[in-house]
Amino acid sequence: MTDWPEARPNDNRGGRYGRGSGSAQPEGARVMRQVRRGPAAPPGQGAYGGVPQQPSYVDGQGHGGHDGYDSGYNTGQVYGGSGGPGGGGGYAPQRPAPDWRRRIKVTAITLVTVLLVTTVATYFWADSKLNREVDLSKVIERPEKGEGTNYLIVGSDSREGMSDEDKKKLHTGSAEGKRTDSMMILHTGGNGPTLISLPRDSNVEIPSFKGSDSGKTYPATGRQVKLNAAYAEDGPELLVRTVEFNTGLHIDHYVEIGFGGFASIVDAVGGVEIDLPQDIKDTKSGADLKKGKQTLNGEEALAFVRTRYALAGSDLDRTKNQQKFLSALANQVATPGTVLNPFKLYPTMGAGLDSLIVDEDMGLFDLADMFWSMKGVSSGEGTSMNMPIAGSSGGNLLWDKAKVKQLVNELNNDEKVTVKGN
């Protein structure tokens, strides 16, 4: 083998150990070129006492900077480091933990705001749909107001807004004008609600009254008529005047619904479940119902509450069926399945409010009180009865005056009703 050549002349590397070195001694430690971090050192100084300043990889001349790829080595970062002095901070800062309390608070405020806006909008929408057509200020010589609230609820045979097809389907006929098919007094107070039916054939006296349109006062003549004749003669105002005169009860609010509106409410709520104690078939009302529990649609419900010729007690039995059904309807309307379901609630409210005629002072809270009280009657929290009857004369039903007086006293004093009706 040939020997390694001697160092070349003027080789400024001198004798070195290793590659190209003919020295038997290892060379000294090399001084590594440094990559400077941070501000440049003053001239003549280096990081290690005189080592020339080297270009930084992050000063725009190396491989770093904003436009280049930064591997992390140029700043001495260590993966997973603490980010403190001498260490790196990793690739990205950690996300702060979510503030769940704040999120829940914001969500709750948003939901409450939406609910409040919806409720207010619904209230004004519903209030605007009430047909306040009855002016009770036209009623004269009224009895003093007692404790609690008295509603006069009237079912009329109004066919307003019904097509010929609707009249045929619902067996309403096409008679002109309006008459009352049912009349009830609902008393609400501290001893539970009381629902009292006033048979349409009740014998009453027409008192002096002021004409609802003419404003003329008509003196009393002692005329004895059936109760529904008062409505036919001069409408709701005379009916209220006649009921107050013959009972001594102050009527606070008036509510009326016609044939078409009644059927629409029942259909909007999805039908009303009721348990019939017997089969009912009546060609005049169109009823053809079987005994037992069943759900009646609008057409069937209207036929049921109008039926009297197929019943043994005629009008008295009909009033009982009307009470039973109206209480069941109120109970259905007030269920969570209707109140909490906008697809049922709004159609039901729309159908009901469009078809109701009320007095000028009637508000939505009064209407709600009426429905909840009727619901209470159906759930056993209240009392339902017919006006006490003593007999009949010429086809007119005569009230039992002593019992009626006792009943009125109990209602005016908001006492528990002890009188039994027919």
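## Ground rules

Because the model is predicted, local features need pLDDT of at least 70 and side-chain atom pairs count only at pLDDT 80 or more, while totals for chains, interfaces and linings use all residues. Residues are numbered from 1 along each chain as its sequence is written, and side-chain values use heavy atoms, with hydrogens and water left out.

Helices (H or I, at least four residues) and strands (E, at least two) are DSSP runs, numbered from the N terminus.

## The sheet

Let's start with the open sheet, where seven strands run in the order E1-E14-E9-E2-E3-E4-E15 with mixed pairing. Here two strands pair if DSSP finds at least two bridges between them. Strand E1 (131-134) and strand E15 (383-386) each have a single partner strand, so one side of each is left without a neighbour in the sheet. On average, neighbouring strands are turned by 25° against each other, direction ignored.

Strand E2 (residues 149-156) pairs with strand E3 (residues 180-188) in the antiparallel sense over eight bridges. Ser156 has Thr180 in E3 as its bridge partner.

## Helices on the sheet

Helix H3 (residues 227-247) packs on the sheet and touches E1, E2, E3 and strand E9 (253-257), its direction making about 10° with that of E3. Contact means heavy atoms within 4.5 Å. Axes are lines fitted to C-alpha atoms, for helices over the stretch in contact, and angles run from 0 to 180 degrees between N-to-C directions. H8 also packs on the sheet, touching E1, E9 and strand E14 (356-359), and the direction of H8 makes about 60° with that of E14.

## H1 against H8

Helix H1 (residues 100-129) packs with helix H8 (residues 342-355) at an angle of about 25°, their axes 9 Å apart. That makes H1 roughly parallel to H8 (angles under 35 degrees count as roughly parallel, over 145 as roughly antiparallel, 65 to 115 as roughly perpendicular and the rest as oblique).

On the H1 side, Thr118, Thr122, Trp125, Ala126 and Lys129 meet Tyr346, Met349, Gly350, Leu353 and Asp354 of H8. By class, this contact has five nonpolar, three polar and two charged residues. Ala, Val, Leu, Ile, Met, Phe, Trp, Tyr, Cys and Pro count as nonpolar, Asp, Glu, Lys and Arg as charged, and the others, Gly among them, as polar.

## Cavities

There are two cavities of 30 Å³ or more. On a 1 Å grid over the protein atoms alone, a cavity is a set of points where a 1.4 Å probe fits but cannot get out, a pocket is an open set with protein on both sides within 12 Å along at least five of seven lines, and lining residues have an atom within 4 Å of a point.

The largest cavity has a volume of about 350 Å³. Of its 23 lining residues, Ile153, Gly155, Ile257, Phe262 and Leu326 are the closest to its centre. E2 gives the largest share of this lining, four residues, and the classes come to 15 nonpolar, five polar and three charged. The second largest cavity holds about 30 Å³, and H6 gives the most to its lining, with four residues.

## The largest pocket

The largest pocket holds about 930 Å³ of space. Its lining has 26 residues, with Thr122, Val339, Leu345, Met349 and Ala368 nearest its centre. H8 supplies the largest share, seven residues. The lining divides into 20 nonpolar, six polar and no charged residues.

Technical notes: Points joined across faces, edges and corners; volume = space filled by probe spheres on them.
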